[in-house]
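Me: Please take a close look at one part of this protein and go through it slowly. I would like to know what surrounds the pair of charged side chains that you pick.

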Amino acid sequence: MNRVSKFISELDQLALGLLILGIGVVVGIVVKFVVFWLLNLYNRKANPQLMASLTRHLDRPLTFFIPLLFAAFVLNSAPFTPEQHQFFRRIIEILNIAGFGWILLHLVYVVQDMVRLKYNITKEDNYRERRLITQLQFIKKLSIVLIIFISVSLILLTFEPVRKLGTGMLTSAGIAGVIVGFAAQRSLSNLLAGLQIAFTQPIRIDDVLVLEGEFGRVEEITLTYVVLRIWDNRRLVLPLNYFIEKPFQNWTRTGSDILATVYLYLDYTAPIAKIRKEFERIVEASPLWDRKVQNLQVTDAKEKTLELRMMVSAPGSATAWDLRCHIRENLITYIQEHCPEALPKVRAELGPETIWGRSQ
């Protein structure tokens, strides 16, 4: 009879304690929604970018975390038995660690929003912006990995058996480190390559690269690989080590401006002065030219043709490509219409011996 009454008493304590915890959770949810309602109201009037980013990214994590805080506050007031109190304390502690880690993860995205807002990567001369965004991306990914690792470690350390196991493992950490180092050699080298790329920056986000016979822009830099968006929208994925160990062309390493070159091969009778004048007219009339460099020179005299090299400057690689095509098309049309004799041709000279030989 005593056991039954004790069991009923414990059930009553559990029900009352759960009710108190539930009230704490409900109060936390109400407080969270009131705070976010006020923030959203403020955002509609003032539209501050920081507050808008905070409310957007922290909405769900705080919906999880704030009620848990209120539950932790009222836990000591709940009439649980010592065993029940220990159980619920452990559960709330684990959930609080997970919730706090979730908040830290989303704060990383808030920082990213603020940096992207201050440094606009879409403008033409965006060297400084691409440099900072590249570092930000690597630091963001590394921060996310560290936050998850630390949060999981703290959760595991709340369990006594795991804590004892961890203490024992520290004594063999040297041997384990050597074994893990050999096993994850490739991954560690990629991580070190990522750190080197983030801070020495042979490549940056939105850089224009030529490698492996492909031309494209750096779309994403992760902890282990780089995604290159090729001109036809294919994606070339390369490990980070590639950019440390192998040569490649970076057309936007020190700036986005670039020199574009066009070659034409014409007959020796080509009127160079007229063609140069038409070239200058085409370039000056084009909105693609940045008005810095324009030049036409005869750079070679081959066996059958002259080599004309036209050099112009453009604010970016994509613009330079379009400008080259524009110059080439218009100059060929001009030569066809105004001096077709300048087009390449094959000559053969017929001497008296050839004519006499045919008559025989």
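Reply: Arg204 and Asp207 are both buried, a word that stands for under 20% relative accessible area, while exposed means over 50% and partly exposed covers what lies in between (1.4 Å probe, protein chains only). The model is predicted, and local features need pLDDT of at least 70, side-chain atom pairs count only at pLDDT 80 or more, and totals for chains, interfaces and linings use all residues. Residues are numbered from 1 along each chain as its sequence is written, and side-chain values use heavy atoms, with hydrogens and water left out.

The two side chains meet in a salt bridge, with 3.5 Å from N to O. The rule for a salt bridge is a side-chain nitrogen of Lys or Arg within 4 Å of a carboxyl oxygen of Asp or Glu. Side chains of opposite charge can pair when their charged atoms come close. The structure holds 12 salt bridges.

Next comes Ile203, in the loop between α7 (185-200) and β1 (208-211). Helices are DSSP runs of H or I with at least four residues, strands are runs of E with at least two, and both are numbered from the N terminus. Ile203 counts as buried, at 0% relative accessibility. What lies 8.0 Å from Ile203 in space, C-alpha to C-alpha? It is Phe243, which is 40 residues apart from Ile203 in sequence.

Rings of Phe, Tyr and Trp (its six-membered ring) pair if their centres lie within 6.5 Å; planes under 30 degrees apart count as stacked, over 60 as edge-to-face and the rest as tilted. By this rule there are four aromatic pairs. One of them joins Phe65 and Phe100, a tilted pair with 6.3 Å from centre to centre and 45° between the planes. Phe65 belongs to helix α2 (residues 49-75) and Phe100 to helix α3 (residues 82-118), so this pair ties together parts that are 35 residues apart in sequence. Phe65 is buried, at 13% relative accessibility, whereas Phe100 is partly exposed, at 45%. The pair of Phe243 and Phe248 is edge-to-face, because the planes stand at 80°, with ring centres 5.3 Å apart. Phe243 is buried at 5% relative accessibility, and Phe248 is partly exposed at 21%. Together with Tyr242, Phe243 and Phe248 form one aromatic cluster.

In another salt bridge, Arg234 meets Asp232 at 2.8 Å, N to O. Arg234 is partly exposed, with 40% relative accessibility, and Asp232 is partly exposed too, with 33%. Lys302 and Asp300 also form a salt bridge, with the closest N and O atoms 3.3 Å apart. Lys302 counts as partly exposed at 36% relative accessibility, and Asp300 is partly exposed at 33%. Salt bridges with shared partners also join Glu214, Asp232 and Arg234 into one network.

To sum up, the Arg204 and Asp207 salt bridge has both of its residues buried. Arg234 and Asp232 are partly exposed.
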